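This briefing covers selected features of one protein chain. Please read it alongside the sequence and coordinates shown here.

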Amino acid sequence: DAGTGAQYKWRNALGNMVSTNASFTIPNASLTDNSKYFLTVTKNNCSSSDTVEVLVKPVPKVTINNIAPLCAGETLQFTSETSPGATRYEWSGPNGFTSPEQNPKIENATTDATGIYEVIASLNGCRDTSRIQVTVNPKPIAIASASPPVCENGTVTLTAANAGTGAQYEWQNAAGTIVSTNPSFVIQ
């Protein structure tokens, strides 16, 4: 501070006047603000100059690619896309999940893996965050039963245990042909 009566002139690298205050701020600084700034202080017809360089670092942008709902037992694979140069990743999620990898995975995911996952990407000390909701559906249990042995030309009933609302059934014969999509059916 040059004291009372001092005059200040701040100029950018293009020579444009940017402030006449002893100090000034650059709100919402962007990469275009990377520059040298020149200060001239005048008092009692005497002047002095100095230069300061402003460095604005880029913030990495990180996004998590969409993850379709999956079934328990499958691999939950995360893929994130970031700005070039991002060097550090911090993943967190349900059940204490953490990972330093850019694209981590959870093998044999259970329904406990359902929830919100977050990744933070860092670049030169600047950070960006992205979140995604993941759903791991329970895998239905297939239990099939047949009526007791019958004599030739008798009737056989095949039944699947009730897998709950929304379950779909598919019965195939030994040749792989679908013979029914009902929970049970009769062979006569």
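**Glu53 and its surroundings**

Setting aside residues up to four places away in sequence, Glu53 touches Ser35 and Lys36. The model is predicted.

- Glu53 belongs to strand E4, which covers residues 46-54.
- Glu53 has a relative accessible area of 60% and is therefore classed as exposed, the cut-off for that class being over 50%.
- Between the C-alpha atoms of Glu53 and Val136 the separation is 51 Å, and the two residues are 83 residues apart along the chain.

**The four-stranded sheet**

- An open sheet is formed by 4 strands in the order E10-E9-E12-E13, with antiparallel pairing.
- Its edge strands are E10 (97-99) and E13, each of which pairs on one side only.
- On average, neighbouring strands of this sheet are turned by 15° against each other, direction ignored.
- E12 and E13 run antiparallel and are joined by 9 bridges.
- Ser122 stands opposite Arg127, a residue of E13.

**Glu118**

- Strand E12 contains Glu118.
- With a relative accessible area of 19%, Glu118 is buried, because the class requires a value under 20%.
- The side chains of Glu118 and Arg131 are joined by a polar contact of 2.7 Å.
- Leaving aside neighbours within four places in sequence, the residues in contact with Glu118 are Glu90, Trp91, Ser92, Thr129, Ser130 and Arg131.

**Nonpolar cores**

- The largest nonpolar core holds 20 residues, and those with the most contacts inside it are Leu76, Phe78, Trp91, Tyr117 and Val134.
- Two or more residues of this core come from each of strands E5 (62-64), E9 (88-93), E12 (115-123) and E13 (126-134).
- E12 provides the largest share of this core, 3 residues.
- Another core, of 6 residues, lies apart from the largest one and includes Tyr8, Trp10, Leu39 and Val41.
- Val134 touches Ile67, Leu70, Leu76, Phe78, Ala113, Thr114, Gly115 and Tyr117, not counting residues up to four places away in sequence.
- In soluble globular proteins, nonpolar side chains tend to be buried together.

Conventions:
Residues numbered from 1 in each chain as written. Predicted model: local features only at pLDDT ≥ 70, side-chain atom pairs only at ≥ 80, totals over all residues. Heavy atoms only, no water. Core = buried A, V, L, I, M, F, W, Y, C linked by side-chain atoms within 4.5 Å. Buried < 20%, exposed > 50% of the residue type's maximum accessible area, 1.4 Å probe, protein only. Contact = heavy atoms within 4.5 Å. Polar contact = N/O pair within 3.5 Å; in protein donor to acceptor, adjacent residues only side chain to side chain. Pairing = 2+ DSSP bridges. Axes fitted to C-alpha atoms, helices over the stretch in contact; angles between N-to-C directions.
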